[in-house]
Amino acid sequence: MKIFFSILLVSFTLYANEISSSDVFSEVMLVENKVEFLLDYYKIEHQNKSEDEKVTYKTTQLKPRNVWQKTYEILVKINVLREKFGFPIIEPIGMTPVENVNPNLVYEQTQRILTELDIFMVQNAIKQPVLKKQVFKDKVPLDVFNRLCKISFMLDQVTQSKTMPSFSFGETMRIYDDITLILNNLGIEDKTIPQKKNENDTPLESLSSGLKILEKIQQLKILSGMNSVDFSEFKKNEASPSDVFEVTQMILAELQGIKARLGINAVTPAALHYKDKTPAETNQLMSWNLRKINLIQSLSKGK
């Protein structure tokens with residue numbers, strides 16, 4: 001029995017070490033093919049080339065943690081799809097905070113996404129074609145992230161959902177909980193209160209507030225000697241609820257490293273399910289999060 005488990009452990013180690021960004025990219029392409037099939041199945045007009053033109057691909061040096069969080073976004077959007085067709089929402093898996101995400105964890109997420117899509121198709125009696133896995137070389141995490149961006153956009157087309165502001169609000173609540181946890185850990189007294197809601201706020205205001213939070217997080221990381229990311233490419237002149245959702249995911253990804261540095265092992269709980277939330281409510285909460293995180297001057301306790 002001991003010999004069996006030793007062999008199993010060695011096999012797993014070798015398997016894990018062999019997973020590259022190119023391997024992950026191959027799995028992501030399978031996901032894209034499945035979502036594209038759904039677009040065709042539901043006769044939703046689309047063209048692969050035009051989708052590429054509508055997706056703003058990033059060139060900044062994103063980290064595996066950002067890619068992992070993008071897969072989380074995909075799983076949430078599959079929940080939007082489930083809700084649209086009357087299926088119960090399945091809580092996406094969370095992860096213990098770490099400073100640096102192992103790329104193998106992104107591969108794990110692709111397998112969860114593929115499984116969830118298969119389950120959705122079985123539930124709807126959709127017979128899907130047999131897909132052939134493609135082999136790629138020299139791919140990097142940014143390539144994976146950008147392809148996931150395209151898949152996220154395609155899922156928006158499938159769901160044609162008007163509930164994204166409510167999902168964005170739920171993710172903004174997760175940010176609130178994480179920042180509150182960090183403030184408590186640092187012993188910082190928080191007397192901030194939410195500002196008055198501006199009913200004229202649009203997703204652009206929420207995106208702007210979210211990017212300011214990311215800027216503050218990067219300042220704190222640089223002061224603490226942690227690796228940081230330039231998120232300036234995420235700025236836009238116009239924003240959709242999906243853009244706001246994306247920035248919430250990048251904030252959550254960056255907060256996990258801070259939590260890990262502070263020794264906070266609490267997994268950020270999945271979002272509660274909200275309904276009928278507006279961009280104004282999301283920005284009210286996002287702006288409050290910005291005031292809360294601005295209380296932090298360093299990641300040293302008592303400062």
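A charge sits over a ring if NZ of Lys or CZ of Arg is within 6 Å of the ring centre and within 35 degrees of the ring normal. In this predicted model, the charged end of K58 meets that rule over the ring of F234, 4.5 Å from its centre.

Local features need pLDDT of at least 70, side-chain atom pairs count only at pLDDT 80 or more, and totals for chains, interfaces and linings use all residues. Residues are numbered from 1 along each chain as its sequence is written, and side-chain values use heavy atoms, with hydrogens and water left out.

Next come the aromatic pairs. Rings of Phe, Tyr and Trp (its six-membered ring) pair if their centres lie within 6.5 Å; planes under 30 degrees apart count as stacked, over 60 as edge-to-face and the rest as tilted. The count comes to eleven aromatic pairs.

| Pair | Centre distance | Plane angle | Type |
|---|---|---|---|
| F85 and F120 | 5.2 Å | 80 degrees | edge-to-face |
| F87 and F120 | 6.2 Å | 85 degrees | edge-to-face |

Ring pairs link F37, Y41, Y42, F85, F87 and F120 into a cluster.

How enclosed are these rings? Buried means under 20% relative accessible area, exposed over 50%, partly exposed in between (1.4 Å probe, protein chains only). F120 is buried at 1%. F87 is buried at 18%. F85 is partly exposed at 29%.

Q218 is also buried, at 7% relative accessibility. A polar atom of the Q218 side chain lies 2.9 Å from the backbone nitrogen of V229.

Key
A polar contact is a pair of N or O atoms within 3.5 Å; within protein, one must be able to donate a hydrogen and the other to accept it, and residues adjacent in sequence count only if both atoms are side-chain atoms.
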